[in-house]
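Open the model in your viewer and keep the selection tool at hand. We will go stop by stop.

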Amino acid sequence: MEKGQITEMEKEAKIYVAGHRGMVGSAIVRALLKEGYQNIVTRTHKELNLCRQADVEDFFAQERPDYVFLAAAKVGGIMANQEALADFMYDNMTLEMNVIHEAWKCGCKKLLFLGSSCIYPRMAPQPMPESCLLTSELEKTNEAYALAKISGLKYCEFLNRQYGTDYISAMPTNLYGPNDNYHPLHSHVLPALIRRFHEAKVEGAGEVVCWGSGTPLREFLYVDDLADACLFLMNHYSGNETVNVGTGKELTIRELTELVAKVVGFTGEIKWDPTKPDGTPRKLLDVSKLAQLGWKYRVELEEGIRLSYEDFCNNPMRAER
Ligand code: GDP
């Protein structure tokens, strides 16, 4: 469908943001409020367990949202993914199927499903275009999560093809920002580094140990930019093919550690633990499709790390999660 033919969400429309307590969902709620959307429906995990089909069915039958942003997921870094393969697959697959299916059953006008750049093959061409999906094997360290995310995006596509729905999906690169998870073992690399360098500075430690070789290349997107892209896609994109969301810029994990050390103010030595996994060697998204649609990120990495570090310092309980 051409950009001009797509109707934007009405300001008074009822919008359900699944996963509003998480880093991505909370950023989407911030972006919606900023754009003047007021009728936002949310449920905490305690109020609604998205893995329970009957509860999700009741919720949708009662609320009947016009639009859904599916940002709920069980997420974690390279170690968490490796240690809890079965949980990552079951929780993500179940909640995705429940939410997408019930949204369709109650006639939801449009749904945006959020995936991850790990859906693409380990040895995909770099930067990775949307078209390389399912062309070869996945990276083993996050295979379970990737398979669940691929199922979610394919289910949206199949509903569109079988029933003519307008359910779209976006694949963001590695994300970071306010509300991140700073668990020392289970988090992603950026929040893990913010916490480790901060603690080393406070304790006056002379060195910090980071994982792997430092050579893998990664791309990072500030979560408020992702939320902006999600609203943009909801209002301006329709189609079965997913859309990559990133900056198109990458750096090595070693360069990232140096940047985080600089922002945090840690001046000691950085060492490497080769017993920890490197994961996929390179993971850069081809963002030309999104650029053609007319969207570009705003927050540069150093500024984003500065904002995230402020959020971490202002919320000491972040380190408790
Ligand atoms: P990935 O992008 O799916 O591989 O997930 P992560 O964000 O967990 O890891 C990215 C890269 O950062 C990998 O090469 C890790 O080995 C490296 N890394 C270095 N130090 C850390 C750390 O303290 N925590 C995590 N999660 N990764 C680290």
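Predicted model: local features only at pLDDT ≥ 70, side-chain atom pairs only at ≥ 80, totals over all residues.

Residues are numbered from 1 along each chain as its sequence is written, and side-chain values use heavy atoms, with hydrogens and water left out.

**Stop 1: helix α1**

Select residues 23-34, helix α1. Helices here are DSSP runs of H or I with at least four residues, strands are E runs of at least two, and both are numbered from the N terminus. α1 has 12 residues and spans 17 Å from first C-alpha to last, close to the 16 Å expected. That expected span is 1.5 Å times one less than the number of residues.

Is α1 mostly covered or mostly open? Mostly covered: 9 of its 12 residues are buried. Buried means under 20% relative accessible area, exposed over 50%, and partly exposed in between, with a 1.4 Å probe and protein chains only. Among the buried ones are Met23, Ile28 and Leu32. Their cover includes β1, β2 (40-41) and α7 (223-236).

**Stop 2: strand β3**

Show β3 (67-70). Tyr67 and Phe69 point one way, Val68 and Leu70 the other, and all are buried. Strands pair if DSSP finds at least two bridges between them. β1 and β3 run parallel, joined by 4 bridges; Tyr16 has Val68 as its bridge partner. β3 also pairs with β4, again parallel over 4 bridges. There, Phe69 partners Leu112.

**Stop 3: the cores**

A nonpolar core is a set of buried Ala, Val, Leu, Ile, Met, Phe, Trp, Tyr and Cys residues joined through side-chain atoms within 4.5 Å. The largest one has 42 residues; Tyr16, Leu50, Phe60, Ile100 and Leu111 touch the most other members. Which helix gives the most to this core? α5, with 8 residues.

Centre on Leu50. Beyond residues up to four places away in sequence, Leu50 touches several residues, including Tyr16, Val56 and Leu95. Contact means heavy atoms within 4.5 Å. Apart from this core lies another, of 38 residues, among them Ala13, Leu231, Tyr237 and Leu293.

**Stop 4: an open sheet**

Select the 3 strands ordered β11-β8-β13, with mixed pairing. β11 (251-252) and β13 (282-283) are the edges; each has a single partner strand, so one side of each lacks a neighbour in the sheet. β8 (217-218) pairs antiparallel with β11 over 2 bridges. Finish on Leu217, whose bridge partner in β11 is Thr252.
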